[in-house]
Amino acid sequence: MAETGRLTAPAAYAPSWMREHPVTALRIAIIITVLTGWELLARSGWLYRDVVPSLLSIGRALYETLSDPTFYLHLTTTFYEIGLAMVIGGLSGLAVGILIGGSKLMQHAYEPFLYYLGPCPKIIFFPVMIMWFGVGPGSKIAMGAISCFFPVALNVAGGMREIDKVLIRVGRSFRANTWQMVTKIYMPAMRHPIINGMRLGLGVCLIGTLLAETKLSNRGIGFLVIQSYTLFNMPQMYSLLIVLFVIAIGANALIGRLGGLDTIRRT
Amino acid sequence: MSKPAPLTKSRYFPAILGLGSFAAFVLVVEFLVYADVLNRFIVPPPSEVLAAFPRVIMQEHVLSRFVLTASEALAASVLVTIFGIAGGVLLYQFNLLRLATETWVAAVAAAPLVLMYPLYLVIFGRNATTIVMMGFTAGLAPIILKTLEGLVGTRRVLINVGKSFNLTRSQQFWKILFPAALPTIFVGMRLGLIFALINIVGVEYLINFGGLGQLINELAERFDLAGTYAAICFVILVSIIVFMLTERLERWLRPAG
Amino acid sequence: MAVVAMPTGRDSVPAARAAEPILTVDGIVKRFETPDGVLTAVDDVSLSVLPGEFFSVIGPSGCGKSTLFNIIGGLLDGYDGSVRVAGELVHGPHPSIGMIFQEESTFPWRSVIDNIAFPLEIAGLPKTERYDRARHFVALVGLDGFERRFPAELSGGMRQRVSMARTLAAQPKIMLMDEPFAALDEQTRLLLGDKVLQIQQELKQTTLLITHNITEAVQLSDRIMVMTYRPGKVKRIVDIDLPRPRTSEIVSSEAFGRYVAQIWNDLREEATRGMHDDESRKRRGAPS
């Protein structure tokens, strides 16, 4: 890592594959450096014991977590909450976005609310959600739905305004009814903002739901994370965080890929 | 115009409509609570929430809490700005490093980093450091990406102008690249500040430590319903004001064109 | 309802063509409210188009051509006067009128065949029937083999042919075109004109073309209506007595040149007026 300057021109003595694939070589080098540093730190005992557990124990914890049937029970709960939150928040965001983006008046009257509420920390609504929907999955779903609503609504409202006006005129000239206009013109014309909104929405939905689980629950991955904290089981906490990040980044990439499945991009 | 323009044509009509419907909504809630349609132990009447404002502000040391949260956010923002811009410049200067890690940084920016707060609790303890570090972690990746975007987006012709004047490498950076990238970097700084603030208030609430976030947690645990709602409204108000101010600041700092 | 033959009041229509008009536009007046006061875009415009006829409306920019297009197509409301198709008063988009727009208007998310089948889908035709019919129109505009391609993979001329096929697939009585070749280069424009002539010949398609291009209008039309600059009024209706079937080769004939010169004479005055108007507005600092 210290020789990044030189890495732009790989040393002559490097094996040929390294010269041909310098990016891959650098990536591998970074990964190896980080992992070695981690392991050395873990064995040196400089930090409090177990704050940086050895790679082996993290690996073992990951294996134990993934082979534990109760983990999948918690995973199912979390998936169920996130799924329902995405449906509720996404659909209401879509509807509100279409309404607000569809008229200048609605936009000027109501979009500022969305725009300024959007970046507020949503987790502070959790105490209220507990009162409304109880301590069970209901309040977590509500948290996820609130979080996901804003990016979807804002993106859809923006997308509505950017629809090519001539396409709307085409629809009208063929006498499409309102439902046909929404399903055959508005929605497909807004596919990119919708997908982008869903992607941002999923990110914050995940955060909203899981944070709520860490605050107050007895089920779900968030609960497992906070349990590993109270039990001071650091390897398990690391393994859970790894699983979470893999899921989050994977889902993000998957939705992004969905947006890529579009021939218009071949232009 | 000979006859007065109707209200619906007025420039302020949309704003009046928006605020008016908000006021109407509040009044309807108030009415529904008094009509016992809404349970007042779940939804306190808005008038009580309003009445709770001065009480919460006077008795719960809102001012010192606000200062605490604000200084945490400031500390996190300074860290985010220094390390974020440095990171972006580093990735720009070493193209190979950029090719190898840009997708990683983007993935980190999309990852739910705030879920690491229990880990930070273990590492830094239940104190302000955890909160500041959490804000720093959350805000770092966006500003790296924005700095990089700004530098990469510098118009080719400006770079050629620099070359035509035989600028040294450092002159080229400070006189051409950095000023050209500055508007985008400001966007990144604002994003970083907002991310940091969201996560700081959130973590304060979650770990029940520190400023405004903790206030909500305490009032909720005391079952002070009107107080909880009032505190939430206060935090929303603060974040809206911060959001607006940074927006102004960004527009003011951005060089014309 | 009895079909009333609308007297056009203009003797330029030869008696030989005195069949029942299929499209009658009568006394259209359209005003817009602008910050500078009321602007009359179209002022008392009447025209009638006979079955199978190719009729063009030509005028300088700002003569209200596109306003007229939107009124006849039923996309614009709040005007005086009437639009009738075969004697029937028309309000709003009408199945007898098919519109082809100036702008790029293919759906980027639909393949060629799905674009062309769109109006049939809106009308609720069963799937096999609408694809059968759409395929017929794919062939008509010469896009065989491109059915599964997406607009982004086609050239501008091909995309405009997709729009044309999509409008024709609805089998309108009247095809209404608003500068359909405006975004294309001159060669593509001429070749596409040939395609339009050929299709019009094949389908005996009544067509109303709105354009500012004189060559295009003379190449394609049976009659041309020249409009004045702001407010848009009827200046003259010219009969184009060129032999059919035509191709773009006709552009080089002497008779063609005479028609072009005659119409340019009429138009020059209007275009000059428009240009001066535009310049004086720019001088005052108002956006054009």
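Domain bounds here come from an automatic or database domain assignment. On that basis, chain A of this predicted model is divided into domain 1, residues 4–52, and domain 2, residues 63–266. The centres of domain 1 and domain 2 of chain A, taken over C-alpha atoms, are separated by 36 Å.

Chain A is built from helices. It has 13 of them and zero strands. Its pattern along the sequence is therefore written as one α after another, α-α-α-α-α-α-α-α-α-α-α-α-α. The radius of gyration of chain A is 24 Å. The globule rule gives 18 Å for 267 residues, and the value for chain A is well over that, so the chain is more spread out than a compact globule. Along the principal axes, the C-alpha atoms of chain A fill a box of roughly 70 × 60 × 35 Å.

Of its 267 residues, 41% count as buried. Contacts in chain A between residues at least 6 apart in sequence were also examined. Of these, 73% join residues at least 24 apart.

The chains were then compared in pairs. Two pairs of chains touch, and the pair with the most contacts is A and B. Chain B and chain C are joined by no contact. Their closest C-alpha atoms lie 9 Å apart.

The contact between chains A and B takes 45 residues from chain A and 38 residues from chain B. On the chain B side, several helices each supply at least two residues. These are helix H1 (13–34), helix H4 (95–110), helix H5 (117–124), helix H8 (169–207), helix H9 (212–221) and helix H10 (225–253). The residues of chain B that touch chain A divide into 32 nonpolar and six polar. None of them is charged.

Nonpolar residues also gather in the interior. In soluble globular proteins, nonpolar side chains tend to be buried together. The largest nonpolar core in this model has 196 residues. Those with the most contacts inside this core are B:Leu115, B:Ala196, C:Ile116, C:Ala165 and C:Leu176. Helix H8 of chain B gives the core its largest share, 19 residues.

C:Leu176 shows the surroundings of one such core residue. Its neighbours within four places in sequence are left aside here.

Methods:
Residues are numbered from 1 along each chain as its sequence is written. Chains are lettered from A and ligands numbered from 1 in the order in which they are written. This is a predicted model: local features need pLDDT of at least 70, side-chain atom pairs count only at pLDDT 80 or more; totals for chains, interfaces and linings use all residues. Helices (H or I, at least four residues) and strands (E, at least two) are DSSP runs, numbered from the N terminus. The radius of gyration is taken over C-alpha atoms; the globule rule is 2.2 Å times the number of residues to the power 0.38. A residue is buried if 20 or more other C-beta atoms lie within 10 Å of its own, exposed if 12 or fewer, and partly exposed in between; C-beta atoms are placed from the backbone. Two residues are in contact if their C-beta atoms, placed from the backbone, lie within 7 Å. Ala, Val, Leu, Ile, Met, Phe, Trp, Tyr, Cys and Pro count as nonpolar, Asp, Glu, Lys and Arg as charged, and the others, Gly among them, as polar. A nonpolar core is a set of buried Ala, Val, Leu, Ile, Met, Phe, Trp, Tyr and Cys residues joined through C-beta atoms within 7 Å.
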